[in-house]
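Have the model open beside you and try each task before reading its solution.

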Amino acid sequence: MQHNYSQILPAIRSLCEGEHDEVALMATISCELFHGDTRFDWVGFYRVTAPELLKIGPYQGGHGCLTIPFSRGVCGAAARERRTQLVADVNAFPGHIACASSTRSEIVLPVFNGAGAVIAVLDIDSDQPDAFDTDDQATLEMMLAEVFGRL
């Protein structure tokens, strides 16, 4: 699978250097990822704003769901299980929340702060089936740990 992280990651590192505001970091990362890879149809963060509750954060693409409980959907599973959800076919995922009918596959990664708390999830949707693989997972997990692990 073709990945374009060789240009995206240095840009994210440069733009995020010295920044400690979570929302500013999330906005910058979602913008860079969305515009940096044609597979990505929607890129955004859902922030943990209350126990067991995610609310829409900075994103690029069409409208997202406003709130997602930890008990529902791919984003909820990533937050609840504290592990990345790699979904080749969203229609085969039990309880998938269809925020956009064009979404065919997605990857959702938990975002941890330096204390190890889940502060958000990064949701990347694609209008292509099976658009993500374990290389995406490893690269994105590393980038999130690098950026948010220092907070």
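**Exercise 1.** Find how many cavities of 30 Å³ or more the structure holds, and work out what lines the largest.

*Solution.* The volume is the space filled by probe spheres set on the points, which are joined across faces, edges and corners. This is a predicted model: local features need pLDDT of at least 70, side-chain atom pairs count only at pLDDT 80 or more, and totals for chains, interfaces and linings use all residues. Residues are numbered from 1 along each chain as its sequence is written, and side-chain values use heavy atoms, leaving out hydrogens and water.

Step 1: the lining consists of Leu9, Ile12, Arg13, Met142, Met143, Glu146 and Val147. H1 and H4 are the elements giving two or more residues to it, and H4 gives the most, with four.

**Exercise 2.** Which residues have the most contacts inside the largest nonpolar core?

*Solution.* Step 1: look for buried (under 20% relative accessible area, 1.4 Å probe, protein chains only) Ala, Val, Leu, Ile, Met, Phe, Trp, Tyr and Cys residues joined through side-chain atoms within 4.5 Å. The largest such core has 26 residues, and Ile29, Leu33, Phe45, Leu122, Ile124, Met143 and Phe148 have the most contacts inside it.

Step 1: helices H1 (5-16), H2 (22-36) and H4 (134-148) each supply at least two core residues, as do strands E1 (42-50), E5 (105-112) and E6 (118-126).

Key: Buried < 20%, exposed > 50% of the residue type's maximum accessible area, 1.4 Å probe, protein only. 1 Å grid on protein atoms, 1.4 Å probe; cavity = no way out; pocket = protein on both sides within 12 Å on 5 of 7 lines; lining within 4 Å.
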